Protein chains: 4
Amino acid sequence: MNRKLRMGMVGGGPGAFIGAIHRMAAIMDGEIELVAGAFSSDPQKSKQAGEQLNLDPQRVYPSYEEMIKKEAALPEDKKIDVVAIVTPNHVHFAPTKLALENGFHVVLDKPMTFDSKEAKELKSIIEKSGKYFCLTHTYTGYPMVKEAREYVKNGKLGAIRKIFVTYPQGWLSNLLEGADNKQADWRTDPSRSGKAGVMGDIGTHAFNLAEYITGLQVTKVCADINIVVKGRKLDDDGSVLLKFNNGASGVLMASQIMAGEENDLTIQVYGEKGGVEWKHTDPNTLLVKWLDAPAQILRAGTGYLSDVAKHNTRTPAGHPEGYIEAFANHYRNFALCVKASIDGVKPKPEWLDFPGVEDGVRGMAFIDNVIESGKSETKWTEFVV
Amino acid sequence: MNRKLRMGMVGGGPGAFIGAIHRMAAIMDGEIELVAGAFSSDPQKSKQAGEQLNLDPQRVYPSYEEMIKKEAALPEDKKIDVVAIVTPNHVHFAPTKLALENGFHVVLDKPMTFDSKEAKELKSIIEKSGKYFCLTHTYTGYPMVKEAREYVKNGKLGAIRKIFVTYPQGWLSNLLEGADNKQADWRTDPSRSGKAGVMGDIGTHAFNLAEYITGLQVTKVCADINIVVKGRKLDDDGSVLLKFNNGASGVLMASQIMAGEENDLTIQVYGEKGGVEWKHTDPNTLLVKWLDAPAQILRAGTGYLSDVAKHNTRTPAGHPEGYIEAFANHYRNFALCVKASIDGVKPKPEWLDFPGVEDGVRGMAFIDNVIESGKSETKWTEFVV
Amino acid sequence: MNRKLRMGMVGGGPGAFIGAIHRMAAIMDGEIELVAGAFSSDPQKSKQAGEQLNLDPQRVYPSYEEMIKKEAALPEDKKIDVVAIVTPNHVHFAPTKLALENGFHVVLDKPMTFDSKEAKELKSIIEKSGKYFCLTHTYTGYPMVKEAREYVKNGKLGAIRKIFVTYPQGWLSNLLEGADNKQADWRTDPSRSGKAGVMGDIGTHAFNLAEYITGLQVTKVCADINIVVKGRKLDDDGSVLLKFNNGASGVLMASQIMAGEENDLTIQVYGEKGGVEWKHTDPNTLLVKWLDAPAQILRAGTGYLSDVAKHNTRTPAGHPEGYIEAFANHYRNFALCVKASIDGVKPKPEWLDFPGVEDGVRGMAFIDNVIESGKSETKWTEFVV
Amino acid sequence: MNRKLRMGMVGGGPGAFIGAIHRMAAIMDGEIELVAGAFSSDPQKSKQAGEQLNLDPQRVYPSYEEMIKKEAALPEDKKIDVVAIVTPNHVHFAPTKLALENGFHVVLDKPMTFDSKEAKELKSIIEKSGKYFCLTHTYTGYPMVKEAREYVKNGKLGAIRKIFVTYPQGWLSNLLEGADNKQADWRTDPSRSGKAGVMGDIGTHAFNLAEYITGLQVTKVCADINIVVKGRKLDDDGSVLLKFNNGASGVLMASQIMAGEENDLTIQVYGEKGGVEWKHTDPNTLLVKWLDAPAQILRAGTGYLSDVAKHNTRTPAGHPEGYIEAFANHYRNFALCVKASIDGVKPKPEWLDFPGVEDGVRGMAFIDNVIESGKSETKWTEFVV
């Protein structure tokens, strides 16, 4: 097909953070254009956002229900192909379901749903729909994260023994909720965020990253889940001991009260022969360590990387790509698949490399299991999906 | 105005590097859409590029002359507003002139022209045209570079004494030209690149960065200009001693034969009280050093930065932005100015912060002066514009 | 007193690592001279070591018992003042006891003893002896670790909330024991090392560092203790969730199977207002992070540090000190106390800042508690001394 | 021989910096003991220093002349073997000459002499004396600097094309001289320091490092030499373009007015195939960069290094050594040679690897040539020894 995919967005109005990221990531590669939106549950705010985004006012809707219905009724050469949903967690399930049932492919912000029950139901809906579904676990979009996975997959590190993943933030060191901070408000509110705070917000990213790179699955957790800031309703700090299905051990730490920390997600994976280390503060570098040889600095954009890393890179070595490009890699791969689907052709294997329903279901199970473990007096909690 | 600006591109067809960067940078913020192009001097290649970019075939042209003429003839609500020119240096002057004379605003890749004569003539054309002109010296688009300039401007460092700027690359360590490497070919060819190799390609970036951050001007140069790789026609390595108009001294080094280096452009500026250091490998950080106090790590996306840094940032602290976003900052500021111009309103001061004609003319003078100094047996060569 | 202290050494013969470190650390500041030794349980090896060390053959002994007895019988102006004991763990208690009972001050390598029972007994012996006792937990000797403690102590970080300490090594990734590797042999042998492997060898260092910097005490542990390499008899990997006596949480990780890692002991401590981070790979730097202000890079040797940091520094800023100097700080402070004691004067408070019997007893308790927790199915194990 | 070498020191009394470094470096390996000294030209201060150093008062002398004469008259089994001279530059020549002529081996702080004339005369004296002479250019004592030299020597980088060496300091950003700062006083005083300030003090280190690692010799210089701080008498900042005897180009920068900088001496050497980078802030690491392969991180204390690097290392990988150990490497190698000489045996080749008379003479020539070039209006000044 010789046109851009047309996208409508749910959420992402004034005060939102992730909606703007989705928009930039979606359009920057020229595969998708934003043509419609229901940007807020407040119709006035939705309209205002549409104006700022230079959209046709006819296609800026007061609610996602109306957007999906009306867009579905438009002629084939005009209506949207894709719905991007960037609302708080409690408004993930319903618009996703509605969009899929009306024939749209969906991009959804993580975590997948408000709870595991919704996640499993959504899984079944997605599978029935035959549509593509992308869950934006950003960090697996980085080319050097993909390179790390290649190192594990190709056995270069030997059998994996140890996984260490930490996601420190400091922005919730004080009680910001209730102080007109929209981001803090919903993320710490059980009625909108779900049963977890930090573990749902960023713990799921760390969990997803660990399983993505290693190709392993967590089988047991032992969690220390804390509410550090007085008056907060959900966890803002936690550390989890992990066991994986090959016997490897691990640690996952996620916190939003490590004052002065930004988003330094870091993962270290060690096998019998060596290890890989990736840090979000220097995302275009993958450090590869060897038992009895010098460590190597692998860099995005170089000729010696795997094809999958190259496919997810836009600039030559030394011209840093960042968070938006990692996000855009998911959008681009998703878009290539959707286009192939519209054209009735088979997608290339590397296009299928974006997070989806399985990541979503396991992410929700992660939340369940660590929250349960946090309350348990028994050391190990089986990881149940 | 409630629409995106419409852009046509000259150059950037198959095998090009910078054209793709321009496209992503132009569109990612939703202020510009690419609707037309003359992507290659080979009409077939131009057509092919247009298809890949999902453009209307009617607006993919076999030459820039045709694009400019035909677009100029389109109705106001359809024709392009902006021409982006991303060709090799010898094809900068003519399309820019033609575009301006046909009423289009222009974004042009650096260096401005093939030689200084063209640059001065273009300056006069631009000034007469009343149109906006943006010269994409990428690095001044980074928010932490802008923060560095604020530190100097606000006197936090005291009077500036020393500037140290280095741009090491290694990709031309071998004679790649003539070996089917399009990038190496034209950059080392005097008939397309002009009188300088590395000094024009990346030396001008380093020069521009130094003058931008310090607000100073180079007044004398002493250059050691080398052709290291046998068979090469233009300089691939050079070091330049600098004197600035306030008496400060400096060093500028640019090389393409430092094997293993990527694009680690680094600048250090020192005043009486302290210094700032910015590195392209870690572009979201500005290191501020003090005479008798701990150095500080300033980070993009934080609340304590200047307004100008914040205006040029898209993500919260810790979510790295990169090269494309720095590029996009120039495009966005340029676009905001163009839109204000179309709306007949005054642009905000921070929108005017993109490189333009003065940067271009001084950049061409830099090439002239360092190449002349490189041949001279006298130590200091006056910097003549 | 106007002379160097005289020291005799137990252990540290051919093939030893830590004995040589002790010797350099002891003598480099000119406060101590090595004059005697029983360097090996093999008299021939002891003799050989003494020759290499340029010692008077009369004062090189075949056993520590003989050294202590014979030195005790020497005249005051000749006999040793101090015994340094650098043997494997199972030979810590007896020589320390004998040395103290014969009137010598003692420096002992960590962990204090073979087990907790010995530790408590030794505590009582030390207290009765009236002699100085130094336990060489190296890392608290670094000036920037001391600066970190000052930051906590002075309340600059607010109440402490989170402690994260990791000590990764990779050298035991393969089964080196039994392959003529003296270091691996005894460290993995329960009859010489005690009940713990990695947790005793380096876990105790991490534990000591955390309690030293924060001034807090661990009250509960939840440990995942692993033997990763097949055939090994003691733990080579472990992660521990921690609770401290002010309610703070923490994680301690120590491993010797993280292939490619050296000794990158790292500690991060966070309070309400900010955090400190110290890394053994860059020991002359302390990173101080703030909630809403730029992080600061504190550097050893600068004028803005605390007096205690300055007292433990030998070089101006930018001239790196390292492991041996950190070790030497303990020796120097110990020596200054011993000299004061001999002179009958009171030591300065900063001289008393070296690890001693309390560190030793708690370190042995750490081993007990984490090994017990590792076997327990209950999540939290009370930290019992 | 089965004893330590006996050393007497000239200079290094109260207020001195480098004298204390020499003492720690000399004694830490147990090869040398300090037994005598003339620590100040003020006899009272010399006496006081001797007391603090626990020396026999009989061997603390009021002048170096007296020390050398009296020590020379002592019996063979008591008198010193080595004289260490750590005075300001104008008191280098005379005590060195006197020491050599009285049969002592000499360690001398750099630069070798007050001027080149003295240096050449001293060269002839040293050669006639048959004694060992060590000039303490500290930085070539680092094991990873030695590893860098091995990489060049073994051709791993191909023919060397570019050398970039920078030594930034900031401590002389203000006019400290005359303000009771002994270090600033003599270093900026032409009557004690010689004709150069920063170029003699640290420029010579950078120069020595460049020639040591590359095995090349500078043949031409083009220097910009500045006095930045008003009222200062000697240069405090300078940058030098370099040509080497194989045609390679380079830059050397040394400054003491880069506010906030400590001692971040950095060298980068590039050949046809790759480059090496060493930084004094992380001295146990050597970065090796390759044209089309990942960069490697070589670390001190590892098994994969050259024998010469290993010989100059005391700790296992990850236990950082620093400035004092680099210094001590020169002392140890020197001591091993002196002992071999006393024993009448041939030194091992790796023991001879310490800086000596040739380094000294070339260092003085460096000062002459850059100061002359700084005054010249001609671009290139031939490097004359």
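How many residues does the contact take from chain C and from chain A? The contact takes 34 residues from chain C and 34 residues from chain A, two residues being in contact if their C-beta atoms, placed from the backbone, lie within 7 Å. This is a predicted model, in which local features need pLDDT of at least 70 and side-chain atom pairs count only at pLDDT 80 or more, while totals for chains, interfaces and linings use all residues. Residues are numbered from 1 along each chain as its sequence is written, and chains are lettered from A and ligands numbered from 1 in the order in which they are written.

**Chain C and chain A**

- Strands that give two or more residues to the side of chain C that touches chain A include S6 (160-168), S7 (218-226) and S8 (237-244) of chain C; strands are DSSP runs (E, at least two residues), numbered from the N terminus.
- With four residues, S9(C) gives the most to this side of chain C.
- The residues on this side of chain C divide into 12 nonpolar, 12 polar and 10 charged. Here Ala, Val, Leu, Ile, Met, Phe, Trp, Tyr, Cys and Pro count as nonpolar, Asp, Glu, Lys and Arg as charged, and the others, Gly among them, as polar.
- The copies meet through the same surface, because 100% of the interface residues of chain C are also interface residues in chain A.
- Chain C is superposed on chain A by a rotation of 180 degrees with 0.0 Å of shift along its axis (RMSD 0.0 Å), using least squares on the C-alpha atoms of residues with pLDDT of at least 70 in both copies.
- In chain C, the C-alpha nearest this axis belongs to Lys379(C), 1.9 Å from it.

**Chain C and chain D**

- A rotation of 180 degrees, with 0.0 Å of shift along its axis, superposes chain C on chain D with an RMSD of 0.0 Å.
- The two copies are thus related as by a two-fold rotation axis.
- Met28(C) has the C-alpha of chain C nearest that axis, 2.2 Å from it.
- Of the contact residues of chain C, 100% recur in chain D, and the same surface serves both copies.

**Domains of chain A**

- Domain 1 (5-131) and domain 2 (143-315 + 362-382) are given by the domain assignment of chain A, the bounds coming from an automatic or database assignment.
- The C-alpha centres of these two domains of chain A lie 27 Å apart.
- Their contact takes 13 residues from domain 1 of chain A and 15 residues from domain 2 of chain A.
- On the side of domain 1 of chain A that touches domain 2 of chain A, six residues are nonpolar, five polar and two charged.
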